[in-house]
Amino acid sequence: MGNEMGGSISSEGESPGIENFQIIGEAKPGCRILGCGFPVRGTSLCMFQWVRHYPDGTRQYIEGATNPEYVVTADDIDKLIAVECIPMDDQGHQGELVRLFANDQNKITCDPDMQSEIDTHISEGQATFNVLMLVESSENWEPATIFLRRSSFQVKVHRTQAVVIAEKFSKELSIKIPSGLSTQFVITCSDGSSHPFSTNNDIRMRDTLVLTIRIFQSKALDEKRKGRI
C-alpha cells in the first residue's frame, strides 16, 4: 500500500541511471517511506533529497532529508512531498535527476485514526498530552503535561507541579519539528522563549499533538479576527 512506480530514466549514452524508481511505504504522519530503484550503467551512488511542495506552487528542500528513507511528519500535512534522486558512478559522472511524488501526487493527510483523535480534541475544546520537557534550570528531560484549551494552553512539570508555561494562543506562537528521526518539537512562545519537548519515542503522538495545537491556534486566531469585525 502506498507504492508509486516511476518509469526508467532515459539518459544519453552510458550515463549513470536508476530504473523502476519507486516509493515504498504509506505516506502518513509517523510513517517511514523509502525511495529505491535498480542502479544501472555503472551507478554506484545515489544522492537523495526530499522536497515539500506547497499549495501556492512553491517548494522547499526539507532540511536534513537527504537519505533514501524519510519519516512523514505533521509539517507535511496538506502538502505534496517528493523525492529527487541523482545517480552517480565511481568517476563522479552524474545521471539525469529523477523526481517522484509520494501518495500518487496527492496531498498528505492523516490516517483515519489520527484524524479521528484530532477531531475529538477539537470538538471537545480540550486535550491533554503527557510529554517530556527540557527544563533549562536542570538541563534534564522532565515529565510534564500539556493542557490545551480552545483559547490557551498550559504546561505543568510533574516533579514540582509548577505551571511553567501559560498563555493564550497568538500569531507569535510557533510549533516547530526538527529534522531527522526525532520525536521532539519546539514551542516558541509569544515572548520569544523556546521550549523543547519530546514524546518519548512516539512519533505518532508527537504529530497528533503538533497538529492539534496548530488547529487550536488557527481557530483561536479566527475567533479573534471575528471579534474585531
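Serine 194 touches Glu136, Val186, Ile187 and Thr188, leaving out residues up to four places away in sequence; contact here means heavy atoms within 4.5 Å. Serine 194 sits in strand β15 (residues 194–198), where strands (E, at least two residues) and helices (H or I, at least four residues) are DSSP runs, numbered from the N terminus. With a relative accessible area of 36%, serine 194 is partly exposed, a class that lies between buried (under 20% relative accessible area) and exposed (over 50%), using a 1.4 Å probe and protein chains only. Its C-alpha atom is separated by 37 Å from that of cysteine 46, which is 148 residues away along the chain.

A word on the model: it is predicted, so local features need pLDDT of at least 70 and side-chain atom pairs count only at pLDDT 80 or more, while totals for chains, interfaces and linings use all residues. Residues are numbered from 1 along each chain as its sequence is written, and side-chain values use heavy atoms, with hydrogens and water left out.

**The chain as a whole**

- The protein chain has two helices and 15 strands.
- Along the principal axes, its C-alpha atoms fill a box of roughly 65 × 45 × 30 Å.
- Of the 229 residues of the protein chain, 43% count as buried.
- Among contacts in the protein chain with a separation of 6 or more, 52% are between residues 24 or more positions apart.

**The seven-stranded sheet**

- Seven strands, in the order β12-β11-β10-β9-β15-β14-β13, make up an open sheet with antiparallel pairing; two strands pair if DSSP finds at least two bridges between them.
- β12 (163–168) and β13 (174–176) stand at the edges with a single partner strand each, so one side of each has no neighbour in the sheet.
- On average, neighbouring strands of this sheet are turned by 30° against each other, direction ignored; the axes are lines fitted to C-alpha atoms (for helices over the stretch in contact), and angles run from 0 to 180 degrees between N-to-C directions.
- Three bridges link β13 with strand β14 (residues 184–188) in the antiparallel sense, and isoleucine 175 stands opposite isoleucine 187 in β14.
- Strand β10 (residues 140–149) runs antiparallel to β11 and is joined to it by five bridges; the two form a hairpin with two residues between them.
- Across that pair, leucine 148 has phenylalanine 153 in β11 as its bridge partner.
- Strand β11 (residues 152–157) shows a covered face of Phe153, Val155 and Val157, and an uncovered one of Ser152, Gln154 and Lys156.
- β11 also pairs with β12 over five bridges, in the antiparallel sense, with serine 152 opposite lysine 168 in β12.
- The hairpin of β11 and β12 has five residues between the strands, and there glutamine 161 takes a positive phi near 60°.

**The four-stranded sheet**

- Another open sheet has four strands in the order β5-β4-β7-β8, with antiparallel pairing.
- Its edge strands, β5 (59–61) and β8 (98–101), each pair on one side only.
- From one strand to the next, the twist averages 30°.
- Strand β4 (residues 43–53) pairs with β7 over ten bridges in the antiparallel sense; threonine 43 has aspartate 89 in β7 as its bridge partner.
- Strand β7 (residues 80–89) and β8 are antiparallel partners over four bridges.
- In β8, phenylalanine 101 is the bridge partner of alanine 82, and valine 98 is that of cysteine 85.
- Eight of the ten residues of β7 are buried, so β7 is largely enclosed by the rest of the structure.

**A buried threonine in a helix**

- Threonine 212 has its place in helix α2 (residues 203–228).
- Its relative accessibility is 0%, so threonine 212 counts as buried.
- Beyond its neighbours within four places in sequence, threonine 212 is in contact with Ile118, His121, Ile122, Ala127, Phe129 and Leu148.

**The largest pocket**

- A pocket is an open set of points on a 1 Å grid over the protein atoms alone where a 1.4 Å probe fits, with protein on both sides within 12 Å along at least five of seven lines; lining residues have an atom within 4 Å of a point.
- The largest pocket has a volume of about 440 Å³, counted as the space filled by probe spheres set on the points, with grid points joined across faces, edges and corners.
- Its lining has 21 residues, and Ile62, Glu63, Tyr70, Ser179 and Gly180 lie nearest the centre.
- Strand β6 (residues 69–71) gives the largest share of the lining, three residues.
- By type, the lining divides into eight nonpolar, seven polar and six charged residues; Ala, Val, Leu, Ile, Met, Phe, Trp, Tyr, Cys and Pro count as nonpolar, Asp, Glu, Lys and Arg as charged, and the others, Gly among them, as polar.
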